[in-house]
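Please keep the sequence and the 3D view at hand while reading.

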Amino acid sequence: MVTLTIDGQEIQAKEGATILEAAREKGIEIPTLCYHDSVSSAGACRLCMVELTKNNQTRLAASCLYPVEEGLMVKTDSPKVMNVRKTAMELLLARCPNSEPIQDMARAMGVDTTDLDLEDEDCILCGLCVRVCQEIAGVSTISLASRGTKRKVAPPFEEASEDCIGCGSCAHVCPTGCIKIEDIGDTRTIHNWKVEFKMRQCRECGKYFAPEAQLDYLSETLDLPKENFELCQDCRVKAAQDV
Amino acid sequence: MTFVEIKEQAKKVWDVLQTSGKPLITIGTATCGRSAGAMAVLHTFREELNKRKVEANVVEVGCMGPCYAEPLVSIAKQGHPAIIYRNVTSERAVELIENYILGSDPMSQYALGTVGAGSIEGIPILYDSPAFLPQERRVFRNCGVVDPTNIDHYIAIGGYSGLVKALEMTPTQIVEEVKNSGLRGRGGGGFPAGRKWESCLVIPEKEKYVVCNADEGDPGAFMDRSLIEGDPHALLEGMIIAGYAVGAIRGYIYVRAEYPLAIERLQIALEQARNKGFLGTNIMGSGFNYDIEIFQGAGAFVCGESTALTLSIEGKRGMPKVAPRPRTTEVGIYDKPTLLNNVKTFAFVPLILNKGAEWFAGVGTEKSTGTAVFALTGKVTNCGLIEVPMGITLREIIYEVGGGIASGKKFKAVQTGGPSGGCLPESLLDTPIDYDSLNAAGSIMGSGGMVVMDEDTCMVDVARYFLDFTEKESCGQCIPCRLGTKQMLDILEEICQGKGKPEDIDFLVELGEAIHAGSVCGLGQTAANPVLSTIRYFKDEYVAHIKEKRCPAGVCRELITYSIDNVKCKGCSLCIKSCPTEAITFVEKKKPVILDQDKCIKCGTCRDICKLDAVIVR
């Protein structure tokens, strides 16, 4: 266990934990956008920045990446930190002024409006979808393509993705809800990656519950028989209970 | 062959050129010389000498430094010092052959100066002239002197003896010497090189690498390019010594692909070094195995950042690693300890070993020892590459070495450090050039770019220019840099178009400080420097743009008007012929022309072409 101080409060944290994890465990709020506990941290949004002091040296660091250290003094709301956080938030608000989740987050930080030039995007380029597709789904169908201000999340060459399995993990982790998945009848469409999938019908209840591609991928990679993937989630639970 | 034998053989090659009795003609054909027309001059010399059946040695060399005088040709006749001729054309080449090589008239009117023992009447000694006197050419000593494609030249005048010496020392001894010299990283960071070498040496790992950062991304910087084109072995020798000192197995030179001549010279130099046994297995019988590979960049300024560079070499995306991250000396390419330094930093090392740490630190200041290389460009009379002792003032550089502001205009600012640096005003001209003084003044040393600006430069436009560059080159991974540089650029563009608002100045400062504190890497952290320094020292220009919709320097197109001075204009029509939008019309002979404001795009062509100064820009 490591002892450190966050906002004047002395806390104990597990070795190897990040400052963000340690803070959240103790209920200390640090805002994040590009962080999700199921995937690796990127330190890209800079909202989670905190001020660190050790051995009389002070600097700013991304708390989602910085590991806890014995004797570290952390301030989550110093003037320097607030300046960076509010500026990053304002820059995001200017990019996505019509995104409700971004408006809500900004308002909570005291950033109500901005005089900056406005765009009209809903993707904040946090990269969570990319990381979940790579690390959890293991398919890596999308990436953060292009450099600088032209950066966007896209399949290779912005063409219809050939590797997508339609699992929807990307939409699940997206903080702004800008990944649109439409399930109509036996078809799932993920407009963002220009893909369409035939859904499998539950053998038991007849509900269309998951893309064929995703289920076949799972059976292959987990080396499980195809028969295991013929029931929807609810019917599977019921079947397990009946056994 | 032993080194003694290698050197003897090399000396024979070199001496043949110096004492053959035939005139020795060297022509600077580095990229600067070529763009000034040196290849045509080279061709003329060879052809015309051949035609006249004159026996002479014609050798291509690198850049001597005074790029403003390219193409540079040196002619050394037996028993006389070499004469460096300036701005040589093919016609002048023929004149020089007929009058000086075949005759005895040195044509002093075409000469820049003499080099070597003796003197020639009417021609100053080059290194005593005002542009050269304050300089001390150490790392650049061979550029413009040796044929960069002939390793024997380098060896004959002392090359690779630093390596031989190093191989007789222990790695710890070598690192001590580098530490004692006080050499600080010449890529711009100014980190003590010896300390960096030591931190790599002490790691108990067999697989280590040496990387040379030859990406040179700053616009207008060409120090590293010139060194590689003119004396590539200086870099190689330094990198081999470094490899031996830290215990590396291989070196990489990361050079930007936009430097094809430098890459070519490096490839030749590497082959020649291998042939002589300075690279490869069992180097000079020491048991040390090491080779160097060239890795070409792919057009990204951000890959000059050390972590992005190492990722790029690994074939990964060149995006800087987010802190906290281990130092590159601990975890570099392929996660192995990697010593990464700039071209000039490595090139100084053979000198330090040969002449000693004390000699190196004999010039410069206490905390910034040695000499520094600058690409002096902009509105100075003498643009080119200079090497000066640290501690020299900006004023001395600009007015003595640089020869003052061109065309008699008034100095306004000097920009150092490229897009990461700041602009310093006249009041700071006596600032000494060293890492700490420049930092305190609000700029940085950088890797050597130094741009001089005069009264016709708009400082707001300068800030806009650098932000435009940084915004395009941002890797895009973090919000402060990706979104912040764009917003700063948008605000600056609006100010330059006369759409600025009074609160813009304070907002730019606030935004700049947040981008500085929040960005992941040096590109973002320093992106705001040009803006912050110009607001600090040239606020009045910002105010004029915003409050009065006026550009005092007459640069920002939306804010200036071109008009004809009806008294000075005599209707000669030169401007009419040159105007790209046919905005000027002829009235009659001896009467002033008429400029149509609606068609004028303020390109400035008429002002540049007018011989009577009759175009007014307000």
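What percentage of the contacts in chain A between residues at least 6 apart in sequence join residues at least 24 apart? The share is 46%, where contact means heavy atoms within 4.5 Å.

## Basis of the model

This is a predicted model, in which local features need pLDDT of at least 70 and side-chain atom pairs count only at pLDDT 80 or more, while totals for chains, interfaces and linings use all residues. Residues are numbered from 1 along each chain as its sequence is written, chains are lettered from A and ligands numbered from 1 in the order in which they are written, and side-chain values use heavy atoms, with hydrogens and water left out.

## Chain A

Chain A contains seven helices and eleven strands. These elements are DSSP runs numbered from the N terminus: helices are H or I with at least four residues, and strands are E with at least two. The C-alpha trace of chain A spans about 65 × 50 × 30 Å along its principal axes.

Of the 243 residues in chain A, 47% are buried, that is, under 20% relative accessible area (1.4 Å probe, protein chains only). Chain A exposes about 12800 Å², and 46% of this comes from carbon and sulfur atoms; such areas are computed by the Shrake-Rupley method with a 1.4 Å probe.

## The interface of chains A and B

Chain A contributes 31 residues to the contact and chain B contributes 33. Together the two chains bury about 2500 Å², with 58% of it on carbon and sulfur atoms; buried area is the accessible area (1.4 Å probe) that two parts lose on being put together, summed over both. Leu91(A), Arg147(A) and Thr149(A) supply 25% of the area that chain A buries against chain B, more than any other three residues.

There is one salt bridge between the chains, meaning a side-chain nitrogen of Lys or Arg within 4 Å of a carboxyl oxygen of Asp or Glu. The side chains of Arg147(A) and Glu473(B) form a salt bridge at 3.3 Å, N to O. Helix 2 (79–95) and strand 6 (143–145) of chain A each provide at least two residues of the side that touches chain B, and helix 2 gives the most, with nine residues.

## A residue of chain B

Val343(B) lies in helix 13 (residues 343–355) of chain B. Val343(B) is buried, because its relative accessible area is 0%. Beyond its neighbours within four places in sequence, Val343(B) is in contact with several residues, among them Cys212(B), Asp224(B) and Leu235(B).

Methods:
Buried < 20%, exposed > 50% of the residue type's maximum accessible area, 1.4 Å probe, protein only.
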